[in-house]
Every structure is written in C-alpha cells, then in structure tokens.
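Q: I have a model open and would like to learn how to read its features. Could you walk me through them, one at a time?

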Amino acid sequence: MVFFLDYIQHKRDCKFKQDERAQRLRGLTNYRGPFTPQDREIIDKPIEELVQDVQKGAIDPVDLLHTYGKVAIKAHEKTNCLTEIMIPEAESWIRDGSINLKGPLAGIPVSLKDTINVGGFDSTVGYSSFVGNKQPQDGGTVRLLKDAGAVPYVKTNMPITLLSFESTNDVWGRCTNPHNSKYSPGGSTGGEAALLALGGRIGIGSDVAGSVRAPAHFSGIYSLRCSTGRWPKAGFATSMPGQEGVPSVYSPMTRTLNDLTYFTSAIIGMQPWKYDHSVHPIPWRSDIEKEYASKSKLRVGVMRTDGVVDPSPACVRALEKTEAALKAAGHEIVEIDPPSPYEALRLAALLLNADGCQMFKSFFRFGEWNDPGADQMEFLMRLPRPLKYLYYLWVKYVRRDDVWAGLVKDWHAKTAFEQWKLVAQREAYRARWFEWWNSVDVDFLLTPPNATPAVPHDGMKEAVSSCGYTFLFNLIDYTCGIVPVTHVDKDLDKLPATFNIKKLNGVAQGAYKLYDAEAMHGLPVAVQIVGRRLEEEKVLAIMKRVEDALGDDKYELLDID
C-alpha cells in the first residue's frame, strides 16, 4: 500500500510541474510569433556589442529578453528543452534594479541547468521527490550572474541521476536533439545544448564525466570544461551530494566561440571567489590568452583513440580534418602515447560510484523511470557478488574480453578503506600524466569528444561505459574545450565492409550497436581541445586558433527558424 501511495504522489508531482510549466508558457503571449528584423539583429550581434548597447542605453534590456524568450519558446516547442520558466520574473528583476546593468554581461539573458538554485524556483534534478524544494534566495552563482548584469530567464532539462549522455526524466519528459528528434541532445546538460543550438546565447551546465562536452558535441555548440576551483558552483542541487572521488564542475556553454571566451572572462573578472568559497582567487590572465593567440607554431598532441572504443568514421573524419587544417597553418603534429586511458575509465567509474549507486537511487520514488544507462550500472551493483564473479570469469575467459571484465570485476560498493586506496590510485595516476606531459612538451591535445556522434533515445543502455574520451579528463582535472567541426555524412562516414562488431570488446560493442551513418546524417561532430589544470585562458585561445585554421570550412551553426 505504501508503494502504491508513493507512486500516486510521484505521478501527481510530475503532472503538477508539467501543468505549471504549460501555464507559464501560455501566459507568455508577447513572446510568440516570427522573429522580427530586430530579433535577428540581436541574435547575430557579438555579445560585447550588446553589452555596450545596453550600457549606453541604445537598447532596452527587456528587448533582449523578449528576443531570447522567443528563442527559448521556439526551441522548447521543438525539443522540450525547458524546465522552469522564469521570464516574467526576469522582466521584474530588470525593472526593479536586481540586475546590475553596468556589469560586463549587462542585460544578456542566461539559461541555467535545472540544478542551479534560483530563489523561488525548484531545482528538481528530474526527481519527483525534489518537487517543491525551491530555495528562498538565489544561490551564490546566480547572485554573481545578476551582479554581472546577466538575466537568468529559463532553466533547462537534464537526465534523472545526471549520469547520462541523454536528458530524460518523468518530471519534465524527454529532451530531443535539435538536428534530429530521434537522437539525444547529450547529457547531462542536454537541455542547455538544445536551446543554445537553436539560438540561445549563454548558459551554464555541470560536468562530472563529460556533461557539458558531450552535449556540445551532440548538438553542435561550444563548451569549456573548467578545472575544479575556476568556475563557481555555489548554490545547486545534485543527485550525488558528497561525491568527491571525481568532483563535478560547473562550466560555460554558448552558441559561438566568441561568446564562450567573453562569458568566461566576464565571470572570472567578477572575482567569483567572493561568491563561492571553493573558487581559487585566480584573476583572468590576459597575458596567457595573448601568448597562445599569437604563438607562431603550436605543438599538437593527437590522441587518436582511448584504446577502449576507437572513434567512429565520422569522428575520425572530424579529427583528421582539424589535424590537416592545423598542419596547413604551420603547426607541428605530435603522435602521442599517454598513460592508459582505460585505467582512467576503470578508476573513475569506481570512484564515481563508490557508494554502490545508493545515493542517486535514494531519491527515487516507487515506479519512477530511470535512465537506461544508470539503471544498468545500478543493476550490476545489486547483482550478488558470487554471481558477479561468475559473470566476470565468463567475460574474461570465455568471451576473452579483458576490457569489459576489468570494469565488471570490482563493480561493488566500497568500504572507506577501499575508497581511500582508490583515491591514492587517482593521485598516482594524475602524477603520471603530469610527468608524461612534461616529457612530451606539447601545447595541447586534440582528441575526439566521444567515439560516436549523438546516441539515439535510450541508447545509453548500450553505451553507458563509452565515455572515456571525456571522463579521463575529469579524473585528472584538465581544462577541455569543444569545437564543432562538421556533420555526419551518410556516404563519407559509413562503416567499412570489413567491420565486424563481434571482434570488439563489450564497451565498444555497446557504442557501435548505435552507430548508423545513414540514420545519423546531419548530426554535428566536434573535436576536443585539452590543456592542463587551470588553463582556461590557454584552451580558449587555442580553440580560436583551431577555428581560424579551419577557415571558411568551419562548422555552420544551425539555422534559426
């Protein structure tokens, strides 16, 4: 009886939030209709010019809100990307002086992942048990944004648990890819990516295994994964409070690279350490940005595979296209052999789920839908240890799959003693990367962001462990940026006739079960630019060098309806 009542409450809370959202959207009659010439001028104008126009009084910030409110509604109708609708309140914040219109982001609407606390609004994280958890005041990050002049106006969709490259939950429903509705926009910051691809301006997401990078790659936008302590994270809800084995970071996401650089420098220029105790007091270092913007010859370390899942033809083509452009621009290509990425995948997975998946599962109500990938992880955790060991032996000695066997073998909840040993292994692994990078002396790494483009809906059941290209750099805490490069081509990106999925390890099989160049035709494909810890200025400068090298052949943004 208790379970039944829990399920009834779950359904009621989901309906309440969806009805509330629908009612708020219906009330925005002034935000509907086709884009006007002024709307298109605003959308196309560089962010710094918009800021100057607001500060000079040449444009009313409410007009900016009207344009981006219209963008958000159109994007939501196409992809179901929005959760909390804050547009009426945003108008009030502009008019009552809550927004500092002299700040470096004066009047610029900013979208936020649903997890970020805005006073008076829920941060459900996709759990019905979190409905009604609204905080009375803004969190530190939102206070900083308003002091910088930014206008929070919507929150965006994500997966329940936050442990997925999809963005679906019972509370808000399924978010779809803006290029192809049969595919995911990415996760866990998928709603942000969908909105930005369809004309949004700037947004903030979180990343513990690739959650601002996979969405940028899947949806065709730009993102920066900051190192811990560089970007504020004060005032948020999460599915895994207390998880510090692989710390989550909050980071910027934008539609254009220019906006990404401007947004990042503006936030760091606001001295975020005065809003969040976890932020290092490191000011924006223009000298480093200028150094890498002008360095005549860069040493580019190309990581062609993580040794677990070789990149698909589409991702290889994007990588090689970028490599060729950099080489043509006079930069040096360096073949590299870094410390084992597979070791990082195994270690990071164990650290992230050292609690045996208990924390994220504790917030579920009876009958609540779970992401297929997270469900797979939790199922293996619950499997009795003797049965799991038999499964491990079968995978290792019968299937002869050392990769999948190594991931399964120790997949159980850890004691404090075991957790400490994992942290010690993490620190030793980080030290090996530090010494390796010193020895090869490259300026940055060029890698795929993922083995494949976007996954189809519910595809994480198969691809849950195929996240090594991003997860690696969470473990070692390196700064990474995503630059979209091209789109899947059904003719150029087909698998070769000799391809045999049965010869792949279990992780790679899961990824390649989903790869279909014809079905994926037109989906974005990106590359990942990797620097070392706390090298945000450097990575952003190099992202610009990469895009400049691509020249007229750079990525074409999705047209705005």
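A: Gladly! The buried residues of helix H1 (residues 2-26) are covered by elements including helix H4 (61-79) and S1. Helices (H or I, at least four residues) and strands (E, at least two) are DSSP runs, numbered from the N terminus. Please note that this is a predicted model, in which local features need pLDDT of at least 70 and side-chain atom pairs count only at pLDDT 80 or more, while totals for chains, interfaces and linings use all residues. Residues are numbered from 1 along each chain as its sequence is written, and side-chain values use heavy atoms, with hydrogens and water left out.

Q: Which residues of H1 are buried?

A: Buried means under 20% relative accessible area, exposed over 50%, and partly exposed in between (1.4 Å probe, protein chains only). In H1 the buried residues are His 10, Asp 13, Cys 14, Lys 17, Arg 21 and Leu 25.

Q: What span should H1 have at 1.5 Å a residue?

A: The expected span of a helix is 1.5 Å times one less than its number of residues. For the 25 residues of H1 that gives 36 Å, and the end C-alpha atoms are 36 Å apart, which agrees.

Q: How do I read the sheet, and in what order do its strands come?

A: Strands of a sheet pair through backbone hydrogen bonds, either parallel or antiparallel. Two strands count as paired if DSSP finds at least two bridges between them. Here 11 strands form an open sheet with mixed pairing, ordered S1-S3-S2-S6-S8-S7-S12-S13-S11-S9-S10. At the edges, strand S1 (82-85) and strand S10 (332-335) each pair on one side only. S1 pairs with strand S3 (residues 151-156) in the antiparallel sense over two bridges, and Leu 82 has Thr 156 of S3 as its bridge partner.

Q: Which strands does helix H21 lie across?

A: Axes are lines fitted to C-alpha atoms, for helices over the stretch in contact, and angles run from 0 to 180 degrees between N-to-C directions. Helix H21 (residues 536-550) lies across strands S7, S11, S12 and S13, running at about 15° to S12.

Q: Where is Asp 477, and is it buried or exposed?

A: Asp 477 sits in the loop between helix H19 (468-475) and S12. Its phi is near 65°, a positive value in a residue other than glycine. At 3% relative accessibility, Asp 477 counts as buried.

Methods
Contact means heavy atoms within 4.5 Å.
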